[in-house]
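Hi,

Here is the structure I promised to pass along. Have a look at it first, and my notes follow below.

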Amino acid sequence: MRVEIIPCLEDNYSYLIIDGKTNSACVVDPGESSPIINYLKNKDINLKYILNTHHHYDHIGGNKDLKKKFRSKVVGYKRDKNRIPEMDILLEDGQLWKAENFIAKIFHVPGHTSNHICFHFFRDKFVFTGDTLFSLGCGRIFEGTNQEMFNSLRKIKSLPKETKIYCGHEYTLNNSKFCIAHDPNNLYLKNRIENIKQLIKNGLPTIPSTIKDELDCNIFLRLDDLESFTKLRDLKDNF
Ligand code: ZN
Ligand code: FE
């Protein structure tokens, strides 16, 4: 199982999970269809499933085209079936989603939206976090409460440390500025920032990071109480 990172729109990432044994693939959060179609062109890969973390347009914009072109099935959280158009497979919190060789545990992680989910491919040790956890940051709270977001991040940070994190946007460099401002003596973070700058200079994604990286460097995961989290989330909104 391998993951291809496909940049979409301004700063979104969509991901292809490709099973080399069967040539089947899933796409996660296709914000638009053309970069996915371009990637798949002249490759013998069948796009079987479209996985959506939440209903925002920059995560589902490509659903319709891709479904039509590849006859893929749209997979999402059942409570979002009215907001994610043409959903075929309805998921529940805590469920194992299995199809062909794909297997993921579904986590409901409210906060950014009320029906946001993460897909944890535990066998492959990767998690797709959408706009809940970013590298060195977390999503804005649009529909939920600080408490909900705090709990959602707690769920994610308890995953095995080596788990790779594939998130919805390339916000890492900007996020790092906020982290270092509030955690100026963190050596892990300082090293990470050097690394991030190098990647960006070379036109490469800063994704994936790992749970360990984020526990070491992401100020939003380093806080253990709701009050400090709320304070920092407010500050970040105006950063
Ligand atoms: Zn979003
Ligand atoms: Fe987004």
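Which side chain does the side chain of aspartate 19 join in a polar contact of 3.0 Å? It is that of threonine 22. Keep in mind that this is a predicted model.

A bit more on that spot: aspartate 19 sits in strand 2, residues 12-19. Aspartate 19 is buried but has no salt bridge; lysine 21, the nearest side chain of opposite charge, is 5.8 Å away. Leaving out residues up to four places away in sequence, aspartate 19 touches Met1, Ser24, Asn101 and Phe102.

Now the metals. The iron ion (ligand 2) has Asp58 (OD), His59 (NE2), Asp131 (OD) and His169 (NE2) as its protein donors, 2.1 to 2.3 Å from it. In sequence, those donor residues follow the spacing D-H-x71-D-x37-H. The angles among the four donor atoms run from 83 to 169°, and the site is irregular. Aspartate 58 and histidine 59 are both buried.

Aspartate 131 coordinates both the iron ion (ligand 2) and the zinc ion (ligand 1), which are 3.2 Å apart. You'll find aspartate 131 in the loop between strand 10 (126-130) and strand 11 (133-134). Its side chain also makes a polar contact of 2.9 Å with the side chain of histidine 59. Aspartate 131 is buried and has no salt bridge, with arginine 140, the nearest side chain of opposite charge, 9.6 Å away. Setting aside neighbours within four places in sequence, the contacts of aspartate 131 include His54, His112, His116 and Met149.

Cheers

Definitions and conventions: Residues are numbered from 1 along each chain as its sequence is written. Chains are lettered from A and ligands numbered from 1 in the order in which they are written. This is a predicted model: local features need pLDDT of at least 70, side-chain atom pairs count only at pLDDT 80 or more; totals for chains, interfaces and linings use all residues. Side-chain values use heavy atoms; hydrogens and water are left out. Donors are N, O and S atoms within 2.8 Å of the metal (3.2 Å for Na, K and Ca); water is not among the atoms, so sites may look incomplete. Four donors count as tetrahedral if all angles lie between 85 and 135 degrees; four count as square planar and six as octahedral if opposite donors are over 155 degrees apart and all others between 65 and 115; anything else is irregular. Buried means under 20% relative accessible area, exposed over 50%, partly exposed in between (1.4 Å probe, protein chains only). Helices (H or I, at least four residues) and strands (E, at least two) are DSSP runs, numbered from the N terminus. Lys and Arg count as positive and Asp and Glu as negative; His and the chain ends are not counted. A salt bridge is a side-chain nitrogen of Lys or Arg within 4 Å of a carboxyl oxygen of Asp or Glu. A polar contact is a pair of N or O atoms within 3.5 Å; within protein, one must be able to donate a hydrogen and the other to accept it, and residues adjacent in sequence count only if both atoms are side-chain atoms. Contact means heavy atoms within 4.5 Å.
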